[in-house]
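Biologist: Hi! Could you walk me through the aromatic rings in this one?
Modeller: Happy to, let's have it on screen.
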Amino acid sequence: MVNGDGAQQVILVQVNPGEAFTIQREDGQFQCITGPAQVPMMSPNGSVPPIYVPPGYVQQIIEENGVRRVLVLPQAEFHPGGHSPLHHPPPPPPHAHLQAFIPHPHHPIMPPPHLYSGMAGSTGDMNAQYISQYHPAHIYSEQGMQSVEAKAHSAQNSNYYYFFLICDHFSELLLSHLSGYFIKSVLYLFLLLLSFCCSGKELSATIEDLRPATDYHVRVQAMYNCLHGNPSEPVSFTTLSCEPDTPSPPRKASGTKSSLVLQWKAPCDNGSKIQNYILQWDEGKGTGVFEQCYYGPQKQYRVTKLSPATKYSFRLAAKNDMGVSEFSEPVDMMTSCSVPAPPLRPELIQAGVTWLCLQWNRPVGSPKEDDIGYVLEMEEEGSGYGFQPSYDGDEVSCTVRNLHRSTKYKFRVAAYNAEGKSNPSPMSEFTTAPDRPSCPCKPSIKGKPHPTSFRMTWDPPKDNGGSDVTEYVVELSEGLSGSSWEQVYRGSAMECVCDGLKPGWSYQARVYCLSEGGQSPMSETLQVQMPAVPPGPCQQPRVVGKPKAREIQLRWAPPQVDGGSVVCSYSVEVFAPQAEEGKEVYQGPELDCTVCGLLPGRTYGFRLRAANKAGYGPSSERTEVTTGPGAPEACQPPHIVCKSPSCAVVSWEAPPCNGAAVTEYRLEWGAAEGSMQVCYTGSGMSHELKGLLPATNYFCRVQAGNVAGVGPFSDVVLCQTPCSVPAAVSSVHGDGPSPLLYSPSTCLGLRWEAPCDHGAEITSYLIDIGERQPILTGPVTKYIIQNLQPDTSYRIRIQALNSLGAGPFSHTFKLKTKPLPPLPPRLECTAFSHQTLRLKWGEGPAKSTPTDSLQYHLQMEDKNGRFVSLYKGPCHTHKVQRLNESTSYTFRIQAFNEAGEGPFSSVYTFTTPRSPPAPLKAPRVERLDESCEISWEALPPMKGDPVIYCLQCMQGNSEFKQIYKGSATVFQLANLSSSAEYRFRVCAIRQCQDAPEIIGPYSSTITLLPPRIETPASSSSMGPKTAEALRPRRSLTDEQFSFLIIALLAVTSILIAVAIQYFVIE
């Protein structure tokens, strides 16, 4: 089989049972692989090697699912699936000179040394995983090589496989194609058989070591120095049959105390069917002398009347027509014994926490050859289940697991063999060992730790392992790393005192316990932080750089004694001139600070102290420092006096100058605190501001400066200007009034934005409408002016008022009222039927253009008493369809235009008439002797009203006369004139119960012509056209008429489409 996508492909050489495959390794040794086996090989160039077949055979390449198989088959057979067995042709007749060639079947002849010597990747390249799967191979040296045979024959008498003799030139040609294949994987199957029999100058040869009953092919080749002749034609012969191969020893299938059942497999028959088997035994004497106990064709035999617990030896031979094979190797078998005696009580080897290792002795008097099994039974104390089996086997020791600790168990053992089970042994009691206790609970600190000692306590373990705790051990580690531990306590108490510790240091403590079961695990670690003491005094702080007017920078060193804890903070205190108590100006972990907020030209004292977790230590000695001159102090908040709503005066006082006279003041003013701007700079002490807004908040602040710099700003002062009259209304908009409450023809809706009230809430608005009286409203921004003239323009302005007076008027706005909405027209019904009503209103054309300003809204009352819209538009007519017959309907109409919607009209009621009967088809007329029978179709009753029929007749050119009226659909007219022409028509009449009859339309007319009396002369003188003209004319039926109309419409549509395509689109 060949498979693979790359350049390399993997090949599998499959060796069947009874076959052999020989290869040469890199070390020069030959290895013979006997079947069944699979030898993986690989083709580097991806090509399939050529297969050389003997005469009468062909090779076939079959591909299935991407896998190619190469089969060597007889020339007359081919199996597409590749799964059918190879059927070999019958062997050729044996040659007279080859009758004695019957070699042994299992001794393949090996190739000469040069065969496969050039093959890359021989067995030496094979991995151990491939070589291990082969059957035992034979290694031959170069001196022992006389011939080579790579054979393929089946496991069941493979007599028809091929092989042939080749010369050195042929082998070199074959190896040139196979040199690139080496053993790797499984993909290619082929059969190859090469046999070098002999070489020399003799003209005859004896071929040995052949298989019995096997076909062979032989050919010869001449050779002179380096020249090689062509091989001769192959000659075939078949070896003779012989006695069977030596069978395998028999095996024991079953047995009792007095019998044994033996079975065996058939060996290779070597061409002749096995007829009988010979089974011999030594009768249990052990002398090596065998006697025959069975002779026959069966493959099993029961030997009876044997002694219990006795060893017997057997051997087997096979017999066919050619003779008897050699006997197999003797095999010993033993009969069963009697029920064994009870064993001794079990003994304890070793006890564990959850297991017990037990042993016992073999029952006394039991032979060593007897196969004895043991059942160990166990009972747990207090379980109540009794003895339960815990082991069943042939060993004399057992480890019972999954037991409970410190628990007593009872054991007993019983022996059994094929004959039965013995009584149990005496009972033994054993106890499992206790387990080590669990770890004690996490220790805790008892009381408050001292700087150099602490007391710790703990609880006993939750599980003591089945035995009492004898003592506890406490270990202590300095620091949090836990790298080294020191034992500080050992005893039975559950608390201890750890002393001699360092203040402020961290320690870890743990505890474990001891018992009979062993040492427990360590408990959880307890971390203890020893209390620290305050640090020692610091050195005096020193000044860094030149002192400034308002700040001094100080620096210091850490204290020499930290008190067992890291210094976490420093505190600096400042003492003002002539002050007894200091003020803390800095607290933090840094080693320097800047003290701000000092006054220029003054002497201050400073002292320092350090702190850790335990608190502050003593203060250092005081350091005296003098500050330099600075800028003025901040001014006091300025004073503001409002003269009017738009004018204010700001004044301020001089601040402390800090040793230098004030030379300049800066005043900042603004409507927002964050956006104030400088409005005055100078040496004055006041400033007047004008152009302010009434009722507005203003912010201001003042700043002083001297030669040393500019001082800080004063506090911000808020000032609010007095209130004033409102501002003018900025914009006025027309707001249409609600059509449900006000008419837009006599009202005007106004809407404006409220102006600034300037600090006083707006109380009302004054609306000026020209010559009319002004209107005073409340504090609203909407108002509707009523009682105006329709379609009239008005000039309007608005003025806001508050408690301080009236503000200015707004700009003049021009607004106009709308005209009056139209009145509803009169509604009339101009046409009606049983399903439709055509309504008309107003004066004008039925259809109007969309630009008409006057439009109408028609509504009809539904079943629920609500009016629903039917039509809305400029037209003056509307057709109401899909109505019911004899039903009253209520309508109303409304007119509307740009001025708005007018009122609805009064309600109009119109009633649909009853529907007439449907038109009938033309009646059918059938002439009788002197009469005729007229029939027509029947109509069903109409909503409970019966339907009758009226038949009219017209004779000649007279008028139609009624000849029948009734409910029947057939009428006979007698006493017809033979020379007159009759015409008939029929209609349906609806008989209403509370109304006159309703006559439906008449049907189409049918004509009854007078009969013709034709003589032979007259008939011959009349032409076919005259006779055709005298035939009564038949009118079209309704179906024919409908079909004709549909055909005409279809033709017309096609013509219109063609015209549009031709004239418009193109």
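Modeller: A charge sits over a ring if NZ of Lys or CZ of Arg is within 6 Å of the ring centre and within 35 degrees of the ring normal. K872 lies over the face of F896, 5.5 Å from the ring centre. The model is predicted, so local features need pLDDT of at least 70, side-chain atom pairs count only at pLDDT 80 or more, and totals for chains, interfaces and linings use all residues. Residues are numbered from 1 along each chain as its sequence is written, and side-chain values use heavy atoms, leaving out hydrogens and water.
Biologist: Which ring does the charged end of K502 sit over?
Modeller: That of W505, at 4.4 Å from the ring centre.
Biologist: And how many aromatic pairs does the structure hold?
Modeller: There are 25, counting rings of Phe, Tyr and Trp (its six-membered ring) with centres within 6.5 Å; planes under 30 degrees apart are stacked, over 60 edge-to-face, the rest tilted. W841 and Y856 are edge-to-face because their planes are at 65 degrees, with centres 6.0 Å apart.
Biologist: Where do W841 and Y856 lie?
Modeller: W841 is in strand β63 and Y856 in strand β64, so the pair ties together parts 15 residues apart in sequence. Strands are DSSP runs (E, at least two residues), numbered from the N terminus.
Biologist: Is W841 buried or exposed?
Modeller: Buried, at 1% relative accessibility; the term means under 20% relative accessible area (1.4 Å probe, protein chains only). Y856 is buried too, at 6%.
Biologist: What about W936 and Y964?
Modeller: Their pair is tilted, 6.2 Å centre to centre with 45 degrees between the planes.

Note on methods: Helices (H or I, at least four residues) and strands (E, at least two) are DSSP runs, numbered from the N terminus. Buried means under 20% relative accessible area, exposed over 50%, partly exposed in between (1.4 Å probe, protein chains only).
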